Amino acid sequence: MAIPATVALNAYARAAGMGGGAAAPQAGAAKEAMGGSFGDFLEKAINETVDTGKTSERQMAATAGSKDGSLVDVVTAVAEAETTLQTVVAVRDKVIAAYQDIMKMPI
C-alpha cells in the first residue's frame, strides 16, 4: 500500500515539531533546546502517537455511524495512524538493538 504524500508530510511535520524546532543545539544546551529531558520527549512522542490513533478511531466511528464522516478522512486518518505506528516500531527496534550492542561490550 502506497502512503499518500500528504500523510507522509504531516507525519514528518509532527516529528520535526517534537524536537522543539532547534537545529543542532550545542552539547551543553541540548536539554534546554528540546524543552526538557529525554523522558519528556519520549512522553510527548507517545502521547502524540496515542492521539493519532484516537483521531483515526473517531473518524471511523463517525463514518460508520453515518454522521458527517467522509471516507477520504477515514482513509487519511488510518494511514496517519499506520505511519505513526511504523515509526514507533522502528524506534523501538533501534533502541533494542542499541541496548543489545551495549550488553555485548566487554567490561
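Select Leu42 first: at a relative accessible area of 39%, Leu42 is partly exposed. Here buried means under 20% relative accessible area, exposed over 50%, and partly exposed in between, with a 1.4 Å probe and protein chains only. The model is predicted, so local features need pLDDT of at least 70 and side-chain atom pairs count only at pLDDT 80 or more, while totals for chains, interfaces and linings use all residues. Residues are numbered from 1 along each chain as its sequence is written, and side-chain values use heavy atoms, with hydrogens and water left out.

**Stop 1: around Leu42**

Leu42 sits in helix H3, residues 38–64. Helices are DSSP runs (H or I, at least four residues), strands are E runs of at least two, and both are numbered from the N terminus. With Leu42 they make a nonpolar surface patch of about 380 Å². Patch members have over 30% relative accessible area and no salt bridge; nonpolar side chains (Val, Leu, Ile, Met, Phe, Trp, Tyr) are joined within 5 Å, like charges within 9 Å. Areas come from the Shrake-Rupley method with a 1.4 Å probe; for residues, only the protein chains shown count as cover.

**Stop 2: the whole chain**

Zoom out. The chain has four helices and zero strands, in the order α-α-α-α. Of its 107 residues, 13% are buried. The chain exposes about 8,000 Å², and carbon and sulfur atoms supply 65% of that area. Contact means heavy atoms within 4.5 Å. Among contacts with a separation of 6 or more, 53% join residues 24 or more positions apart.

**Stop 3: colour by pLDDT**

pLDDT is the predictor's confidence in each residue, from 0 to 100. The chain mean is 75, and 64% of residues reach 70 or more. Which elements mark the lowest and highest mean pLDDT? Helix H2 (residues 30–34) is lowest at 50, and helix H4 (residues 71–104) is highest at 88. Next, select residues 21–30. Their pLDDT is below 50, and the stretch has four contacts in the model beyond near neighbours in sequence. Where pLDDT is low, the predicted coordinates should not be read in detail.

**Stop 4: helix H3**

Check the length of H3. Its end C-alpha atoms are 39 Å apart, which agrees with the 39 Å that 27 residues should span at 1.5 Å a residue. The expected span is 1.5 Å times one less than the number of residues. Which residues of H3 are buried? They are Ala45, Thr52 and Ser56.

Pick Ser56. Why does Ser56 count as buried? Its relative accessibility is 5%. Leaving out residues up to four places away in sequence, Ser56 touches Ala77, Val78 and Ala81. Draw a distance from Ser56 to Thr76: C-alpha to C-alpha it is 8.3 Å, across 20 residues of sequence.

Go to Lys54, also in H3. Lys54 is partly exposed at 44% relative accessibility.

**Stop 5: helix H4**

Follow H4 from end to end. Its 34 residues reach 49 Å from first C-alpha to last, close to the 50 Å expected at 1.5 Å a residue. Show its buried residues: Val74, Ala77, Ala79, Glu80, Ala81, Thr83 and Thr84.

**Stop 6: the salt bridge**

How many salt bridges does the structure hold? One. Select Arg92 and Asp93, which form a salt bridge with their closest N and O atoms 2.8 Å apart. The term needs a side-chain nitrogen of Lys or Arg within 4 Å of a carboxyl oxygen of Asp or Glu. Arg92 is partly exposed at 45% relative accessibility. Asp93 is partly exposed too, at 38%.
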